[in-house]
Amino acid sequence: MSSKPKTAFITGITGQDGSYLAELLLEKNYRIYGLLRRNSNPSYGNVAHLRHHIDFVFGDLADPACLSMYLAKIQPGEIYNLGAQSHVQESWLQPLATADQTGLGALRIYESVRNVAPKARVYQASTSELFGETKIVPQNENTPFNPANPYAAAKALAHFDARIYRKSFNLFISTGILFNHESPRRSPDFVTRKVSLAVASLKLGLKGNRIPTGQGGRPVINADGKLELGNLEAQRDWGFAGDYVEAIWKILQHEAPDDFVIATGVAHTVEEMCAAAFEVAGLNWRDHVVINSDWVRPIETGPLVGDYSKAKKLLGWQPKTTFKELVEMMVRADIARLS
Ligand code: NAP
Ligand code: GDP
């Protein structure tokens with residue numbers, strides 16, 4: 001006798017994490033509903049290859065009516081709220097939109113769950129950016145939050161409300177405090193992908209409009225043939241998104257709702273990441289990188305490094321992909337893609 005498939009509702013399905021999570025859940029035979037924003041030209045983003053296996057519903061985290069309508073109708077067992085304006089630097093340019101989509105968007109999900117689908121398990125995508133200007137290293141679930149940008153402030157609202165709704169209304173709302181995780185599907189707004197695209201462009205000798213655009217819609221290589229970066233000293237704990245979606249799924253399978261740090265526990269500077277990426281292509285980063293203050297942030301975070309021992313103990317999760325493997329995967333994928 002075959003059992004009824006589990007049902008998941010995913011916001012942010014077109015993004016990096018949405019796509020890896022959808023692949024994982026399809027392998028596990030879930031029926032997936034993905035919230036897709038209605039644009040004049042519908043785009044399936046990173047899930048174009050899965051579009052025949054996902055039930056898309058058009059909507060927006062800005063619209064509580066559509067969220068309630070879909071959740072009442074679908075009654076998903078699991079809801080993964082990955083949708084957000086997810087870029088830190090952009091959040092200084094669009095602080096109100098970020099607060100609305102990234103902060104209030106989560107609250108609209110919790111309210112809809114409370115009203116029409118109280119049995120659903122909810123995953124909220126929290127972030128290491130919550131620790132912001134911290135001096136405590138590494139950070140775990142008990143480290144105080146000290147947000148340093150409008151994105152982190154919006155995520156703080158979503159995180160605290162997750163805990164408040166969990167306790168006040170006995171809802172199963174869990175959070176994953178995920179440290180930076182990357183992949184060949186990462187948006188070029190983020191430094192790792194900007195670098196991997198630039199390395200691939202230089203390796204292949206791309207010129208003019210064959211050079212891909214990245215952060216801020218600008219070509220990843222400038223008119224002088226250089227990659228422009230901001231703060232090279234900033235430290236991040238970079239993991240592979242494919243590993244992290246396994247943690248996301250495990251968080252919702254846990255017996256009780258809770259908060260979990262997901263990280264590798266190893267920090268690298270932007271300069272180290274850059275050096276590793278250029279090395280994959282047999283290039284020296286010093287010959288190709290210049291600093292542009294446009295990419296330096298008004299406030300930088302402290303070194304963000306996660307202590308994932310709680311997830312290891314309670315979920316049996318640990319990262320599989322090393323920093324070197326991750327950087328190599330991204331550079332090789334961009335060389336193949338642009339060739
Ligand atoms: P991403 O690639 O930027 O994807 C963001 C997704 O959110 C896209 O599918 C986007 O849809 C959707 N979205 C944006 N605004 C929306 C709205 N108003 N209504 C519905 N959907 C909306 O992000 P990601 O890297 O996969 O990250 C997933 C989540 O984890 C995000 O919440 C992010 O903030 C959080 N997070 C990420 C990291 C990381 O290192 N990647 C670390 C910690 C936390 P469109 O395609 O329509 O734009
Ligand atoms: P974030 O941690 O979510 O903000 O991820 P990013 O990949 O956008 O940034 C990681 C770190 O790289 C931050 O400390 C940035 O200040 C630093 N950084 C240095 N140069 C750049 C750049 O050119 N673009 C981006 N996005 N970040 C940069």
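Because the model is predicted, local features are reported only at pLDDT of at least 70 and side-chain atom pairs only at pLDDT 80 or more, whereas totals for chains, interfaces and linings use all residues. Residues are numbered from 1 along each chain as its sequence is written, chains are lettered from A and ligands numbered from 1 in the order in which they are written, and side-chain values use heavy atoms, with hydrogens and water left out.

The protein is divided into domain 1, comprising residues 7-183, 239-266 and 305-320, and domain 2, comprising residues 191-234, 268-300 and 327-338, these bounds being taken from an automatic or database domain assignment. The centres of the two domains, computed over C-alpha atoms, are separated by 28 Å. Ten residues from domain 1 and 13 residues from domain 2 take part in the contact between them, where contact denotes heavy atoms within 4.5 Å. The size of an interface is often expressed as the accessible area lost when the parts come together. Domain 1 and domain 2 bury about 990 Å² between them, with 58% of this on carbon and sulfur atoms; buried area is the accessible area (1.4 Å probe) that two parts lose on being put together, summed over both. On the side of domain 1, the most area is lost to domain 2 by Gln 89, Trp 92 and Glu 182, which together account for 46% of what that side buries.

Helix H3 (residues 88-93) gives the most to the side of domain 1 that touches domain 2, with three residues; helices (H or I, at least four residues) and strands (E, at least two) are DSSP runs, numbered from the N terminus.

Ligand 1 is surrounded by 24 residues, of which Thr 14, Asp 17, Ser 86, Tyr 151 and Lys 155 are the closest, a residue being included if one of its heavy atoms lies within 4 Å of the molecule. An N or O atom in the side chain of Ser 86 is 2.6 Å from an oxygen atom of ligand 1, and for Tyr 151 the side-chain distance to an oxygen atom of ligand 1 is 2.6 Å. A nitrogen atom of ligand 1 lies 3.4 Å from an N or O atom in the side chain of Gln 101. Around ligand 2 there are 19 residues, the closest being Lys 194, Gly 230, Arg 236, Arg 297 and Glu 300.

Over the whole structure, 18 salt bridges are found. One salt bridge joins Glu 228 and Arg 218, with the closest N and O atoms 3.8 Å apart. As regards backbone geometry, the peptide bond from Val 137 to Pro 138 is cis, with omega near -5 degrees, and Pro 138 lies in the loop between strand E5 (121-127) and helix H5 (150-169).

Conventions. Polar contact = N/O pair within 3.5 Å; in protein donor to acceptor, adjacent residues only side chain to side chain. Salt bridge = Lys/Arg side-chain N within 4 Å of Asp/Glu carboxyl O.
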